[in-house]
Amino acid sequence: MPPPTGVVNGHYLRFFDGGVALAKATECSISWAVEMRETAHKDTAGDGGGWKEVAPGQKSATGSTTLLYSEETNSFSTLWTKMANGTAIVVTFTTGVSGDTIWYGTAYITSMELNAPNNENVTASISFEFTGEMISST
């Protein structure tokens, strides 16, 4: 069932690698940033300091997800192999509902972690950094 219009339920928004959902995700997030470069100089900074002046520089995006460990398609071990080999992944971040926003780009997995508490589900955390432009479309 597609999500209703209005506020989106987090259940629907998730990461895909090459069109296949990252298996058993329980949480996901994406972060965008603009690196600011300082443009203040002796004529603009005032006596002994003053206000800092900046302008936008390079942009970046990172993502992370937490998931239940499984041995299914796009599982932890599949993604670990991609990280170990330095293989880029094609990531989309979407609800999968026609007309909703889709963010996508190419990324490298930068870290992975397994957590196996006694008598609890094994969980995993995966972080990645996008390379090049992150694109948004509907």
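The largest nonpolar core takes in 18 residues, and F15, V91, I126, F128 and F130 have the most contacts inside it. A nonpolar core here is a set of buried Ala, Val, Leu, Ile, Met, Phe, Trp, Tyr and Cys residues joined through side-chain atoms within 4.5 Å; buried means under 20% relative accessible area, exposed over 50%, and partly exposed in between (1.4 Å probe, protein chains only). At least two core residues come from each of β4, α1 (76-85), β5 (89-94), β6 (102-115) and β7 (123-137). The top contributor is β7, with 5 residues.

All of this comes from a predicted model, in which local features need pLDDT of at least 70, side-chain atom pairs count only at pLDDT 80 or more, and totals for chains, interfaces and linings use all residues. Residues are numbered from 1 along each chain as its sequence is written, and side-chain values use heavy atoms, with hydrogens and water left out.

As for the overall layout, the protein chain has 1 helix and 7 strands, in the order β-β-β-β-α-β-β-β from the N terminus. Helices (H or I, at least four residues) and strands (E, at least two) are DSSP runs, numbered from the N terminus. The radius of gyration, taken over C-alpha atoms, is 19 Å, whereas a compact globule of 138 residues would come out near 14 Å (the globule rule is 2.2 Å times the number of residues to the power 0.38). Along the principal axes, the C-alpha atoms fill a box of roughly 65 × 40 × 30 Å. Buried residues account for 23% of the 138.

Strand β5 pairs antiparallel with β1 (residues 14-17) over 4 bridges, where F15 has F93 as its bridge partner. Strand β5 is also joined to β6, again antiparallel, by 5 bridges, and V90 stands opposite T106 there. Two strands count as paired if DSSP finds at least two bridges between them.

Two loop residues make a handy contrast. G50, between β3 (25-38) and β4 (54-68), is exposed because its relative accessible area is 66%. G50 and S60 are 10 residues apart in sequence, yet 29 Å apart in space, C-alpha to C-alpha. S70, in the loop between β4 and α1, is buried, with a relative accessible area of 11%. Not counting residues up to four places away in sequence, S70 touches A23, K24, S75 and F76.

Terms used:
Contact means heavy atoms within 4.5 Å.
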